[in-house]
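Colleague: I am new to this structure and would like to learn how to read it. Please take me through it feature by feature.

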Amino acid sequence: RPRVGVLVTGAEIVEPGRPLRAGQIYDSNSFTLTGLVRRAGCEPVELGIADDTKEDLQEKIDYGLSECDAIITVGGVSVGEYDLVKDVLKELGCQLSFWQVAMRPGKPFVFATRPDRFVFGLPGNPVSAAVTFLVLVRPALLKLRGLMDVELPRVPAEAADDFVNRGDRPHFMRGKLEKRGEKWLVNPLPRQGSHVISSLANADCLIEVPAGKTISSGGTVSALVID
């Protein structure tokens, strides 16, 4: 099984159980992503939490590249002062294939390679990290395992309510499936923000809504099953 390292970044991230100071938040991403890596049939390797310094990032990413077939970093890939992951990957000899994708949640996403190694740089918001893993990383890991069927299962369903996307990127909205007779109905969860963990915890599917479009109640959708 491929070994996949998971590295959470950010000076504000604290392990659960420790007291929080001002500006800090408990880590949830490492638990979600190690679970998703395991469900993808790979062996997760916890690389801990990296501070927002090049030195700490270099040490932990370099170690991950030496021990794992692929690594996943979480956070530090946007455009802020402390978003250092892209620079560190270049300094470690990684080739950046692309940065940013036209999807919501999850625009700041990095894919890089080093000989026989793969790096997936995920955004830090927990829903963004999970959705980009499911849509972009999971298929790559299944391919790394030698599998051919790598996409999430799809279920044809009827929208039980409107799925509204007013943005300029496709939106992978979290939904809940319900069997009604011979057909599936799917409801959008009420809070779709990329920081709202409950919208992920309560979901069993993703509905891709094109940019600037509404899928009206009664319309047919193809639900990407995540649970």
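**Rings, a helix and a barrel**

Modeller: Ring pairs join F98, F109, F111, F118 and F120 into a cluster. This is a predicted model, in which local features need pLDDT of at least 70 and side-chain atom pairs count only at pLDDT 80 or more, while totals for chains, interfaces and linings use all residues. Residues are numbered from 1 along each chain as its sequence is written, and side-chain values use heavy atoms, with hydrogens and water left out.

Colleague: How many aromatic pairs does a search of the whole structure find?

Modeller: A pair of aromatic rings is described by the distance of the centres and the angle of the planes. Rings of Phe, Tyr and Trp (its six-membered ring) pair if their centres lie within 6.5 Å; planes under 30 degrees apart are stacked, over 60 edge-to-face, and the rest tilted. The search of the whole structure finds 4 aromatic pairs. One of them is F98 with F109, stacked at 6.0 Å centre to centre and 20 degrees between the planes.

Colleague: Which parts does the pair of F98 and F109 tie together?

Modeller: Helices (H or I, at least four residues) and strands (E, at least two) are DSSP runs, numbered from the N terminus. F98 lies in strand β6 (residues 95-99) and F109 in the loop between β6 and β7 (110-114), so the pair ties together parts 11 residues apart in sequence.

Colleague: Is F109 buried or exposed?

Modeller: Buried means under 20% relative accessible area, exposed over 50%, and partly exposed in between (1.4 Å probe, protein chains only). F109 is buried, at 2%, whereas F98 is partly exposed at 35% relative accessibility. The rings of F111 and F118 have centres 6.4 Å apart and planes at 15 degrees, so that pair is stacked too. F111 counts as buried at 18%, and F118 as partly exposed at 30%.

Colleague: Where is the kink in helix α4 centred?

Modeller: The bend at a residue is the angle between axes fitted to the seven residues ending there and the seven starting there. In α4 (residues 126-144) the kink is about 45 degrees and is centred on F133. Of the 19 residues in α4, 14 are buried. Just after α4, G146 has a positive phi of about 95 degrees.

Colleague: In what order do the strands of the barrel run?

Modeller: Two strands pair if DSSP finds at least two bridges between them. Here 5 strands close into a barrel in the order β9-β12-β11-β13-β15, with mixed pairing. Strands β13 (residues 205-209) and β15 (residues 220-225) pair in the antiparallel sense over 2 bridges. L206 has L224 in β15 as its bridge partner.
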